[in-house]
Amino acid sequence: MSFKISSRWTALIVIVAIASVAGAVDSTLWRLGTARLEVTPADSLWLAGYAARDHGATGTLHPLWIKAMAMQDRKSLAGVIVTSDLLGFPGGMADSIKSRCAEKYQLDRAQLILSSSHTHSGPVLANSLYDIYDLTQQDVAKIERYSERLREQIVEVIGEALARMQPARLCATNGVVRFQVNRRNNDPATLSAKTELRGPNEHAVPVLQALSPDEELLAILFGYACHPSEAHLWSGCFCDGLCERRHGLYSLRPRASGRRL
Ligand SMILES: [Zn+2]
C-alpha cells in the first residue's frame, strides 16, 4: 500500500464534511496512531514572511502545533504525515528530520510527509528568510536554537504516533466550503454585493476521518486553500479553535495558486 497525499491535500476545513463522510473501509485493514505537541516559541522570534515587518512576535493569538498521524495497512506501515503551524520546512530541516526518522524508525523518506499550514504567523526557521529582515546576531542565535529544538520535537512526535497505532476505520470524502475568497480579484468592500467570485478559487475540502472500532473519533485530516497571516501574533490557521476542540490533525498547505487566496 503506497501512501500518497496528492496536491489535493492543500488546505483545510473541518467538521462540515464529517456528517456526510462515506466510503468506510474494513476496520481490520488499518492501524492508526496520532500525537501532537505545542511548539509556540517562548521567545519573541521573527514571524515568517512579509518583509515590511520590523519586529518579532508580540504575543500569541493561537498556539502553534506539530501533529503527526501514522497509518499502517494490513501488510505494512503505510507512512506518517506531519502537519505543522509553520510557513514551510527549510530543505535542510526536512532532510535532517527524514534522515533521523530513517535511522530511528526505519521510515523510508517516501513514507514521511512533512506538511505545513503556510502560516505567515509562524516563526522564521534556520537558514530561511534571513535576507528579508534586518536580523541581529542574537536574533539568528534564537532562531537557530528554536529550529534545532523543533527538529528534535518533530522526530519525537513522529515516534509517539508510531508507538500509539491502534485499529482504526478510515473514511474519506470531499466537501465544499465557500468562505475562501481570492483577495487579489475581489474587493472585500464590495463582496456583499457580488453574486459571483472572480479569479481562481479553491473550495474543495478533502477529508479523511479515522474512527476506532467503537466509533470513537480518533483524528481528522483535511485541507482547505487559504493563506493565513496575522501581523505580529503567533497563529497557526484560521480555524485553529475548531481543530483543537476536535483534537484533530489538519493539513493546510496552499498549492501554488493558494498563495493568492
Ligand atoms: Zn505566503
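Start by colouring this predicted model by confidence: the mean pLDDT of the protein is 79, and 79% of its residues reach 70 or more.

Now select residues 1–25. Here pLDDT stays under 50, although the model still has 73 contacts beyond four places in sequence for this stretch. Next, pick residues 241–261, where pLDDT is again below 50. That stretch has 68 contacts beyond near neighbours in sequence. Where pLDDT is low, the predicted coordinates should not be read in detail.

On to helix H2, residues 137–163. Its 27 residues reach 39 Å from the first C-alpha to the last, close to the 39 Å expected at 1.5 Å a residue. Show side chains for its buried residues, which include Lys142, Ser147, Leu150, Ile158 and Ala161. What do the buried residues of H2 pack against? Bring up strands E1 (30–38), E3 (65–72) and E4 (77–84), plus helix H1 (91–105): those are the partners.

Stay here for the largest nonpolar core, which has 53 residues. Select Leu32, Ala68, Met69, Val80, Ile158 and Ala161, the ones that touch the most other members. H2 supplies the largest share of this core, 8 residues.

Zoom in on Ala161. Leaving aside neighbours within four places in sequence, Ala161 contacts Gly33, Thr34, Ala35, Ala68, Met69, Ala70 and Val80.

Last stop: Val207, in strand E7 (residues 204–211). Is Val207 buried or exposed? Val207 counts as buried because 24 other C-beta atoms lie within 10 Å, and the cut-off for buried is 20 or more.

How values were computed: Residues numbered from 1 in each chain as written. Predicted model: local features only at pLDDT ≥ 70, side-chain atom pairs only at ≥ 80, totals over all residues. pLDDT = per-residue confidence, 0-100. Contact = placed C-beta atoms within 7 Å. Helix = DSSP H or I, 4+ residues; strand = E, 2+ residues; numbered from the N terminus. Expected span 1.5 Å × (residues − 1). Buried ≥ 20, exposed ≤ 12 C-beta atoms within 10 Å, placed from the backbone. Core = buried A, V, L, I, M, F, W, Y, C linked by C-beta atoms within 7 Å.
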